[in-house]
Amino acid sequence: MRSRFPILFCDHFVGGFRSRRSLVLAGTYLLGFLLVSSVVIKLHRVAGIPVGEALDLSERGAPIAGFLRSLAADEGSSGVVEFVLSTPAINLSLAVISLALLPLLIVVFRHDIPSREMEAGTLRFLVWRVKRFPLLLSRFLGGVAEIAVVTLGSFLLVLVYALIEIPGIPVFKVLASASVLWVRLLPYTAAAVALALFFSVLAARSRRALLYCCLGFFLLLFGTVFEAGAYLSPFSGRNLAGLFASAGSWPMWRSVLFYCGFAAAVYAAAQARFSRKDL
Amino acid sequence: MNGPALRARGLTKSYGKTPVLRGLNMNVPAGSVYGFLGVNGAGKTTTFGVLAGIIARHGGEFEFGGRLGLLPQDASLYPDRRLFRQLFFLGRLEGLDRGRACAAAESCLAAVGLADRARHKPPKLSHGMRRRLALAQALLGDPDVLLLDEPTAGLDPDQSARLRSLVAGWGGRKTVVVSSHLLSEVEQMCDQVGVIHGGKMIYEGPVEGLTGARDTVVYRFDRSPPPRLLEGLPGVREVRADGEEMTVRFEPGVCSLEDLNRRVLELCFTAGAGVREIVRGRGLEAGFLELLR
């Protein structure tokens, strides 16, 4: 039998835009970005730090340099500081706001997938036509794709904003750096989507799923106090180190592997629960 | 009739510690319209769910002799999609290519009288129309076996009658299993019936076997008949009188219904009792209630 996965995937992905969920998500994300970016740009101007260029940490930026060096010392990677220092300041703010905002947006906009479908009984029209594995996989990968497209769109719009706001910004350098950030955010996005999916399947009711997801993410953030959980924290130096470490370096791969491994494990748990769920 | 279109053996399912199906067996002959009856909580919807894979079973096995179509109970389609789009998508999941899925969506909407609403979204439809939409999706891909869980729930009398005639028209071509609480409806539509009680099948066979249409006749008199009116008639096995009504069970091999009616009318004429109505069989409801007792 021909695989129904592409049909399910496309339907879920397009369905996000059709139901305006993706657009609202993008709008909220973009709004957060613009707010933070405008504040960052203003701060940089006040502090006399060039926004479009890499950070100048010689005088007023010294505390930031100290912070970054302490991260690098924790990480044991000398390449991290150099990478961060060569990253345009606007992209650094993009990365930080992404890490902080993405889990919240995913909780709000994806906690009810597929619990809402279970609640309404919509899935009953699907599960006797297709196997449960591709059905849930489409919800997972469709979700990752949706968030990826939304973040990419928002990144580009913020860069357009920066272009208008900061004359003479080195466009290609900023764009290249933003692309690297976006690619490295994908495993983090996948982990967050998998987590929302798992709690949604577990709860099977939309409101309960929201509560579960909020508690789940709170526990995760709390868990990042411990070293083993540090990689999923938007407030962890390790996370930034993973995001900004030079391509091919061990910190980067460790970060990517950690996120992907976490996403795969949580998704497998969701799949196991979903396969035995009475709909 | 050919072989069974649906055969289930020893289906079991529990919710927590409460068993719902306790070794349910089911044989639905191909081409039949099969009424699946039971009181509330008997396990009808659970059985449909298990057969469709919506509900995980704990034991037993089943097989279908063809493609399945399902009308689930209390389920709604996507509220943000137009009717045609929904059916097109589900048709694609049935394995139809784009052209055939398109044609199937149009024909199924027409079959349930919703062709003119193809561009509407479900929230704009009445409950009955949504039920018909759900039925339309069950017809996609021309299934051989249809499981319809309370198909007329929420439909007006006109729509119910249309649906009954639609289902009756499938008899012989498709196998239809209908779950319903409306026994008169089942009696009109179905030729086979299964009764589930306490998670087990307690009757399965022709509708006549439950209604007694082959060997039972009910006479309604205009006043209470003499108590021993039919005593001693050849072929009469049992006579049960209840006010102005008398239920007679006879042996078809010994006495035909026509002979029995003639003899009864003669006796009534002699006794001065007028016959108001003669009904073949005691009715599905009476048979069903007696079976449960």
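This is a predicted model: local features need pLDDT of at least 70, side-chain atom pairs count only at pLDDT 80 or more; totals for chains, interfaces and linings use all residues.
**Entry 1**

For strand 11 and strand 12 (residues 245–250) of chain B I find six bridges in the antiparallel sense, and within strand 12 the residue opposite Ala241(B) is Met246(B).

**Entry 2: the six-stranded sheet of chain B**

I then turned to an open sheet of six strands in chain B, whose order is 5-6-7-3-8-9 and whose pairing is mixed. Which strands stand at the edges of this sheet? They are strand 5 (68–71) and strand 9 (200–206) of chain B, and since each has a single partner strand, one side of each is left without a neighbour in the sheet. The twist from one strand to the next averages 15° here. Strand 6 (residues 145–149) and strand 7 (residues 175–179) of chain B run parallel and are joined by five bridges; I picked out Asp149(B), whose bridge partner in strand 7 is Ser179(B).

I also checked which helices cover this sheet. Helix 4 of chain B, residues 127–139, lies across strand 5 and strand 6, and its direction makes an angle of about 170° with strand 5. Helix 9 of chain B, residues 284–292, lies across strand 3 (33–37), strand 8 (192–197) and strand 9, at about 35° to strand 8.

With strand 2 (residues 18–29) of chain B, strand 1 runs antiparallel over nine bridges, and the two form a hairpin with two residues between them, where Gly16(B) in the turn has a positive phi of about 65°. Lys13(B) stands opposite Leu21(B) in strand 2. With strand 4 (residues 59–64) of chain B, strand 1 pairs in the antiparallel sense over five bridges, and there the bridge partner of Leu6(B) is Phe64(B).

**Entry 3: the contact between chain B and chain A**

How many residues does each chain bring to the contact? I find 29 from chain B and 25 from chain A. The area buried between the two chains is about 2,300 Å², and carbon and sulfur atoms give 56% of that area. On the chain B side, Ile54(B), Tyr78(B) and Leu93(B) supply 28% of the area that chain B buries against chain A, more than any other three residues.

For the polar part, I count 14 residue pairs in polar contact between chain B and chain A, both residues being at pLDDT 80 or more. Strand 1 (4–15), strand 5, helix 2 (83–93) and helix 4 of chain B each supply at least two residues of the side that touches chain A, and helix 2 gives the most, with four residues. By class, this side of chain B has 17 nonpolar, six polar and six charged residues.

**Entry 4: salt bridges**

The structure holds 21 salt bridges over all chains, and the rule finds three across the interface of chain B and chain A. Lys13(B) forms a salt bridge with Asp278(A), with the closest N and O atoms 2.8 Å apart. I also looked at Arg129(A) and Glu94(B), whose side chains meet in a salt bridge at 2.6 Å, N to O. That pair crosses from the loop between helix 6 (115–120) and helix 7 (132–165) of chain A to the loop between helix 2 and helix 3 (98–111) of chain B.

**Entry 5: backbone checks in chain A**

Most residues other than glycine have a negative phi, and most peptide bonds are trans, so I looked for departures from both. A cis peptide bond joins Ile113(A) and Pro114(A), with omega at about 5°, and Pro114(A) is placed in the loop between helix 5 (89–110) and helix 6 of chain A. Ala204(A), a residue other than glycine, has a positive phi near 65°, and I find this residue in the loop between helix 8 (171–203) and helix 9 (206–223) of chain A.

How values were computed:
Residues are numbered from 1 along each chain as its sequence is written. Chains are lettered from A and ligands numbered from 1 in the order in which they are written. Side-chain values use heavy atoms; hydrogens and water are left out. Two strands pair if DSSP finds at least two bridges between them. Axes are lines fitted to C-alpha atoms, for helices over the stretch in contact, and angles run from 0 to 180 degrees between N-to-C directions. Contact means heavy atoms within 4.5 Å. Buried area is the accessible area (1.4 Å probe) that two parts lose on being put together, summed over both. A salt bridge is a side-chain nitrogen of Lys or Arg within 4 Å of a carboxyl oxygen of Asp or Glu. A polar contact is a pair of N or O atoms within 3.5 Å; within protein, one must be able to donate a hydrogen and the other to accept it, and residues adjacent in sequence count only if both atoms are side-chain atoms. Ala, Val, Leu, Ile, Met, Phe, Trp, Tyr, Cys and Pro count as nonpolar, Asp, Glu, Lys and Arg as charged, and the others, Gly among them, as polar.
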